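Biologist: Hello! I am new to this structure and would like to learn how to read it. Could you take me through it step by step?

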Amino acid sequence: MKRVDDFRLRFGDKEYVPIMIGGMGVDISTAGLALEAARLGGIGHISDAMVEDVSDRRFDTTFVKDKTKLYKHNILNMDKSSVQFDLERLAEAQRLHIGRTMEAKKGPGLIFVNCMEKLTMNGPKETLRTRLNAALDAGIDGITLSAGLHFGSFALMADHPRFREAKLGIIVSSVRALQIFLRKNAKLDRLPDYVIVEGPLAGGHLGFGLDDWKEFDLHVITQEVLDYLKKEGLSIPVIAAGGVFTGSDAVSFLEMGAAGVQVATRFTVTKECGLPDKVKQEYFKASEEDIIVNGVSPTGYPMRMLKNTPAIGAGIRPGCESYGYLLDASGNCAYINSYNREVLANNGSDKGISVMDKTCLCTHMRNFNCWTCGHYTYRLKDTSHKLPNGDYQLLSAEHVFKDYQFSTDNTIALPEKEL
Ligand SMILES: Cc1cc2nc3c(=O)[nH]c(=O)nc-3n(C[C@H](O)[C@H](O)[C@H](O)COP(=O)(O)O)c2cc1C
């Protein structure tokens, strides 16, 4: 029986272990996690979600504090259109986060950054342009365009000297989304270097409907994308993502012609993952019934999360003056509307209110209180040892990576017991 290590992901004349660790914002896929993937010959992702906050935490910068100070006067105002990102500062944070990560890179693999279009940041086009170009400035190996259709994103960086050299890829959940992306970008004469096909069992936001995600299957969509590319004579590596839990699951995609897999959930319980240890234990202990797909994300995309996540039902004041990553071009966010509705129903006070239909995603992600996860999170307990106190032993990213790379027969190697 084959194992993942029998395959290689090729970009030009370079070969990699065909395992990508997916981008997990906000700083769940840390630089440390991505660096491990690169050291081991695969591909790791950092994420640029809430990059100013990530920079503050990593490098003691004061982007968030300064922005809060600047817009403090607006905190009680529900019109957030004046709360703008300073593009210079945004670029500085992006260059720091990415540049320092790239400086630390060792080994034969690559580091990509996950850039979500849904981070509209009160100025969708200009903030995305800034993020993409600053990422290229900082020497990132590649950019994965996610959470959105990204029809115009290639054009936003087309003038950058590294536009044709860096690896650029897109996440799609259907062959149709890929077709439209390719059509919209045809005039740039620049194909994506890889396409990640993300199915309905992934963590984070899903590219399917809240009611119909169960009807889709990653093998089927991957096959459709492979067939389409073949028919068009396009040789673009296809990476399958979402619910690939064992090395054998990965092999099933590699054998059908995928060039690699993107995985994330199994790495959420590694020491290198950015989630607090307490939250990692929540992931370990979750049962199948604890994992839900809901509509609380203000992005409008369904999101998978643990149902006991503190992000559901909290009634916190929108934190846009400090963050504001989900404000649309006119300064709106669906959470603000829901929050206002509840405040109004509570005689104008936010004391004790609970907002059930939407969540303040920026604040909750920033505080690791939105426990987004993949469908198979309930199987994580089978990947480690239960300790006498009922907790589970955390894993190393290297252990999980190598388990994907070398395991066969759907087995999962347990780590050595730590004393
Ligand atoms: C905790 C968590 C956070 C995630 N955050 C993001 C994100 O910010 N952007 C994104 O494009 N994908 C995100 N994803 C999706 C992963 O990058 C990946 O494609 C997917 O989860 C792979 O499936 P698996 O988790 O079943 O291995 C996230 C996944 C998890 C588990």
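Biologist: Which residues of strand 6 are on one side and which on the other, and are they buried or exposed?

Modeller: Two reading notes come before the answer. Residue numbers start from 1 along each chain as its sequence is written. The model is predicted, so local features need pLDDT of at least 70 and side-chain atom pairs count only at pLDDT 80 or more, while totals for chains, interfaces and linings use all residues. Now the general idea: in a regular strand, side chains alternate between the two faces of the sheet. A strand here is a DSSP run (E, at least two residues), and a helix is a run of H or I with at least four, both numbered from the N terminus. Buried means that 20 or more other C-beta atoms, placed from the backbone, lie within 10 Å of the residue's own; with 12 or fewer the residue is exposed, and in between it is partly exposed. In strand 6, Gly142, Thr144 and Ser146 lie on one side, Ile143 and Leu145 on the other, and all are buried.

Biologist: Why is strand 6 largely enclosed by the rest of the structure?

Modeller: Because five of the five residues of strand 6 (residues 142-146) are buried.

Biologist: In which sense do strand 5 and strand 6 pair, and over how many bridges?

Modeller: Two strands pair if DSSP finds at least two bridges between them. Strands 5 and 6 have five bridges and pair in the parallel sense, with Val113 opposite Ile143. Between them the chain passes through helix 5 (residues 124-137), a right-handed β-α-β crossover. Right-handed means that, with the strands pointing away from the viewer, the path from the first strand over the helix to the second runs clockwise. Strand 6 also runs parallel to strand 7 (residues 167-172), joined by four bridges, and there Lys167 is the bridge partner of Gly142.
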